[in-house]
Amino acid sequence: MNIFNIFSNIIINAGIAQGLLFAILFRSSMNQRSYFLLSLLLIDLSLIIFRIHYLNSFLLEKLGQTFMGAGPFIFLLGPFLFFYLRSIVLPDTTITKKDSIHFVFFAIILLLNTLIFIIGRENNLSVFLEGIVGSQWVFLILQFGYYAVHAQRLLREHKKNIVEKFSNVERMDVTWVNVIIWVFGIILFFIVIATPLLIHGMNLHSYNNASAIFFSLILFFVAYKGIQQRIPNDSFVNIENGSPISDIDNILKLKEKLLIYTKTNKPFLNPELTLTDMAKQMNIGRNMLSKVINSEVGDNFYNFINKFRVEEVKTLIKNDAKKQYTILYLAYEAGFNSKSSFNNIFKKMTGLTPSEYRKRQI
């Protein structure tokens, strides 16, 4: 065994093992639905790698066929990825019977492969069924095209939601899922190119080895990025709590109450403050609070809270008792939780960097 085979086996076996390991770790996470779906995605990748690397050679030897490379499992990647993304954007959305349509391609390919296995390859029906199975990559491309379009829609919705519900959005951006979709597109391109080469004489071992390594690298990437993501724990479902308020006069009074409460009680000092938290503190409905901020204040929750944080930093900078502290320390004291987000927000709202502003106060 040469050095390349040794390293490739390490990567492949690590991919299979890590997919199962991360799946177990994600199952114990706080946001069970999102991480449960991510664990299913990783398990599916592990099964694909195992099938390609270990099972295909056995199928070819014993049955004279490999059941087309990754087999039915590859048709689960798109649905699991889509459900995972949807669980982040719309955490209260559950998988219903209607969602079973997402597994149609998986069921069809699994059924066809099973029929071929049962009736044998010499049967005329098997020849016809193998022709359909041999065209499965066309269905796969259509499937991922569908999910790519809908993933973009969910990402746009997510970006809008987080600034309406959270005061800090660091590490909440899930655009990495879009990158993963493109990576899956590259995988499809690889398979579309490699499958004809296999049919026309490409060495089966080389094909299986390259495919297994490729999927292993994808698994590492998905698991690594999944660990990094901060899954929002503030529900987006429209649940009202507190006292209902409807007429215009009361809405205007609520706006005044909001501004006074925010200035006096300084809830923005909590770096993890959410719209739900603030609504509970003020004993009003969350949707009503969001409406007041959007329509009466003319902003989203993220900007509203961070304007107060910027003003708090400016006040601390002017405070002689705070001059010995760094600007970053003052930013954390005001409720910011990231140097980069603080600098960006401060510059956007004042037109000056924090350092420039401090120099002007001397």
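At what angle do the axes of helix 10 and helix 11 cross? Select residues 275-282 (helix 10) and 286-297 (helix 11): their axes come within 9 Å and cross at roughly 105°. Axes here are lines fitted to C-alpha atoms over the stretch in contact, with angles from 0 to 180 degrees between N-to-C directions. The two helices are therefore roughly perpendicular to each other (65 to 115 degrees).

A note on the source: this is a predicted model, where local features need pLDDT of at least 70, side-chain atom pairs count only at pLDDT 80 or more, and totals for chains, interfaces and linings use all residues. Residues are numbered from 1 along each chain as its sequence is written, and side-chain values use heavy atoms, leaving out hydrogens and water.

Now show side chains. Leu275, Thr276, Met278, Ala279 and Met282 of helix 10 meet Arg286, Leu289, Ser290 and Ile293 of helix 11 (contact: heavy atoms within 4.5 Å).

Next, select Phe117, Ile118, Ile119, Leu125 and Phe128. They make a nonpolar surface patch of about 520 Å². Helix 4 (104-119) and helix 5 (124-133) each give two or more residues to this patch. Helix 4 supplies the largest share, 3 residues.

Click Phe128 in helix 5. Phe128 is exposed, at 55% relative accessible area (exposed is over 50%, buried under 20%, with a 1.4 Å probe and protein chains only).

Finally, zoom out. The protein chain has 15 helices and 0 strands (DSSP runs: H or I of at least four residues, E of at least two). Of its 362 residues, 46% are buried.

Note on methods. Patch = residues over 30% accessible without salt bridge, like charges linked within 9 Å, V, L, I, M, F, W, Y side chains within 5 Å. Areas by Shrake-Rupley, 256 points an atom, 1.4 Å probe, with all protein chains shown as cover. Salt bridge = Lys/Arg side-chain N within 4 Å of Asp/Glu carboxyl O. Parallel < 35°, antiparallel > 145°, perpendicular 65-115°, else oblique.
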